[in-house]
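I would like to take you through one structure, helix by helix.

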Amino acid sequence: MSATDRSVVKGPDAERPAVARAAVEHPTAERPARPGFLAVRLRVRRPGVWAAGVVLATLVLAAVFAPLLTSYDPIATDTTATGVAPGSPGHPLGTDLLGRDLLARLLYGARTSLLVGLAAAVITVVGGLLLGGLAAAGPRWLDELISRIADVLLSLPMLIVVLALAAVMGPSLTTVILAVAATSWMPVALVARAELISQRERLYVRAAHALGLSRGEVLRRHLLPGAVPPIASIAAFEVAHAILTESTLSFLGLGVPPNRPSWGNLLTEAQAHLLTGEWYTVAFPAACVVVTILAVNVLASAVDRREGRAW
Amino acid sequence: MVLVLRRKGKTGAERMGRYLIWRAATAMAVVVALSALCFALLDLAPGSPAADILEARSGGRPPSAAAVTRLEHEMGMDDPLPVRYGRWAAGAVRGDFGVSYGSGRPVSEVLGDTVPWTLLLTLVAIVFSVAGAVLIGLAAALTRRAWLRRTIEAGMFVLGGMPGFVTSLLLLYVFAAWLQVLPSGGLSRPGEPVTLAVLLPHLVLPALALAFGHHFGTYVRLVETGVGRLRSAPHVENARARGLSRWTVTVRHLLRPGMVPFTARLGVGVGGLIAGAYATEMIFSWPGVGRQAIYAAREQDYAVLTAVVLVTGVIVIVANLLGDLAVAWLDPRVRLSGGGTHDVGD
């Protein structure tokens, strides 16, 4: 709510309609700051939120600087050092049964898994926003069409659809990203649509129309800022969802191609070692997946204004 | 999204009837949309079944382009799209999904061998899931001990971040590798009849893994908030004041109305369970439809894959329908308004 309240009192536009007109006609002209986009209130006082932020930042940095943090090649096998236990000199997290350094594989795997998670979430949110906006602003039939498609997709088990898409498109990074985005844009679109429609009739929006702002300008300056907090929360959950789906798909051998390490791929190969004693080849990648998803979930619920469940 | 339809029916039964018809009609529409999606998948899939068949007939030699075109014409694969879809849909309704590209067996036979196993696993998992969610949710909602509530909340949060296959691997490690009290899989050995004594131990781990997957936290939270909201509602205070036993108050006045949001979500959750069964079945080598689908996807056996997608989709849609009907039964407001609440799942 805070976003919309601030939008009501914002800016000198209300007092100087002529300037507002000028700002519309000349986008480079004097323009008041947009307060709305910073209206996402993070509950930063909670220690859990800080911890989650630190964990995520560490993971991202470790992924970015992976080549600096390890001298091993994540794919190269070493027959002289197979199945080395964690804590051994040279291999802090041990090696798998092909002699590949587990730390190197985890670091390079983080690159793939985080990249897929972020890219899929960005496409999901942008696509969902566009479709939700179209549904809210477009003609009636378009609204019906988009809403019904979203309903149908929501009533299907997504993993099955992702699986089928991945099988048809063939295993690749792009496949995973597109398959995840194609099957998870619906909540974003429905929330964006509902939010935009509920705001469309508010007084300050009608006032903006009356002042002669174009539809696009009203959307950008008055409608979107109010829709940001709920969508930011969903977007964060989408990142977690995308990482989860990627790891599941890769684990099932239908996601990222096996020659490229990702946390899910590591688990597929390690699965057989669980019963033979190399438990750590499973434990470390699994811990990476779970910790990342938990950290993202903590941040997401810190953004969420409806449910205050952040540690 | 809440979808409320207002219809002017005279009696409660009439309104319930209208509601049933409306829900059944939407479910049918979703099934049709799903079948179109499946057919599109089958149609878009790379490769030509005709070429595969010819190759299999000639013992692995790549067939000539002319022969492929001739067989495609014989199979009617150059007909216009609506004709092909109509033919495929007519077959699918009769349970005829064609022949598996990989094994050459009829797809319906493959489904008949695998679907019952998945249904068994899913049903047991649902029982575990509901029992666990009600017990833990009630405990969290009714306890006066803050530490217990906190522990449950934290536990459910951690569970919410665990992909189904991680839960499965964890259970596998603890019970099959470390404690060695339960088998790690290998239920189906060809030629060996599956007796109950063999089945039960094999069933425990996959059913537990499936039941306590990352949806479980949502269930517990729904029971907790559903019941917690009613804890000091007037009708509950009244029931307590009338001197009803704690048990009666809890079950009849707290649990039944408090279960509504949970039940609504459970219908949607069945989809998550069946989808989650894919990884679980792979890990515990359970001979179900999920494992079959993974094999089909890896071998690009699109005939089996689309049939699996369609059949599981229909099962999920029916489960959603049953969930909505259960909500209507539990909550007279839905029943009497003649409309339904449709919960947005993930």
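**Helix packing and the contact between the chains**

The crossing of H9(A) and H11(A) is right-handed, a crossing being right-handed if the near helix is turned clockwise from the far one by less than a right angle, and left-handed if anticlockwise. Helices here (H or I, at least four residues) and strands (E, at least two) are DSSP runs, numbered from the N terminus.

Before I continue, a word on the source: this is a predicted model, in which local features need pLDDT of at least 70 and side-chain atom pairs count only at pLDDT 80 or more, while totals for chains, interfaces and linings use all residues. Residues are numbered from 1 along each chain as its sequence is written, and chains are lettered from A and ligands numbered from 1 in the order in which they are written.

To return to that pair, H9(A) and H11(A) pack at an angle of about 150°, with their axes 9 Å apart. The axes are lines fitted to C-alpha atoms, for helices over the stretch in contact, and angles run from 0 to 180 degrees between N-to-C directions. H9(A) and H11(A) are therefore roughly antiparallel; the classes are roughly parallel under 35 degrees, roughly antiparallel over 145, roughly perpendicular from 65 to 115, and oblique for the rest. On the H9(A) side the contact includes A:Pro187, A:Val188 and A:Val191, and on the H11(A) side it includes A:Leu223, A:Gly226 and A:Ile234. Two residues are in contact if their C-beta atoms, placed from the backbone, lie within 7 Å. By class, this contact has 10 nonpolar, 2 polar and 2 charged residues, where Ala, Val, Leu, Ile, Met, Phe, Trp, Tyr, Cys and Pro count as nonpolar, Asp, Glu, Lys and Arg as charged, and the others, Gly among them, as polar.

H9(A) itself has 15 residues and spans 21 Å from its first C-alpha to its last, close to the 21 Å expected; the expected span is 1.5 Å times one less than the number of residues. Is this helix buried or exposed? Because 11 of its 15 residues are buried, H9(A) is largely enclosed by the rest of the structure. A residue is buried if 20 or more other C-beta atoms lie within 10 Å of its own, exposed if 12 or fewer, and partly exposed in between, with C-beta atoms placed from the backbone. Among the buried residues of H9(A) are A:Met186, A:Arg193 and A:Glu195.

Chain A as a whole has 13 helices and 0 strands. Of its 311 residues, 48% count as buried. Within chain A, residues 24 or more positions apart account for 69% of the contacts with a separation of 6 or more.

A second pair in this chain is H5(A), residues 102–137, with H6(A): their axes come within 7 Å and cross at roughly 140°. These two helices are therefore oblique to each other, and their crossing is left-handed. A:Leu131, A:Leu134 and A:Ala135 of H5(A) make the contact with A:Leu142, A:Asp143, A:Ile146 and A:Ser147 of H6(A). Those residues divide into 5 nonpolar, 1 polar and 1 charged.

How many residues does each chain give to the contact between them? Chain A contributes 32 residues and chain B 42 residues. On the chain A side, the elements that give two or more residues are H6, H7, H9, H11 and H13. That side has 26 nonpolar, 6 polar and no charged residues.

Turning to chain B, helix H13(B), residues 289–299, is mostly covered, with 8 of its 11 residues buried. The buried residues include B:Val289, B:Arg291 and B:Gln292. Their cover includes H7 of chain A together with H5, H12 and H14 of chain B. After H13(B) comes B:Gln300, whose phi is positive, near 55°.

H14 of chain B, residues 302–330, also holds B:Gly323. With 19 C-beta neighbours inside 10 Å, B:Gly323 counts as partly exposed. Leaving aside residues up to four places away in sequence, B:Gly323 touches B:Thr263, B:Ala264, B:Leu266, B:Gly267 and B:Val268.
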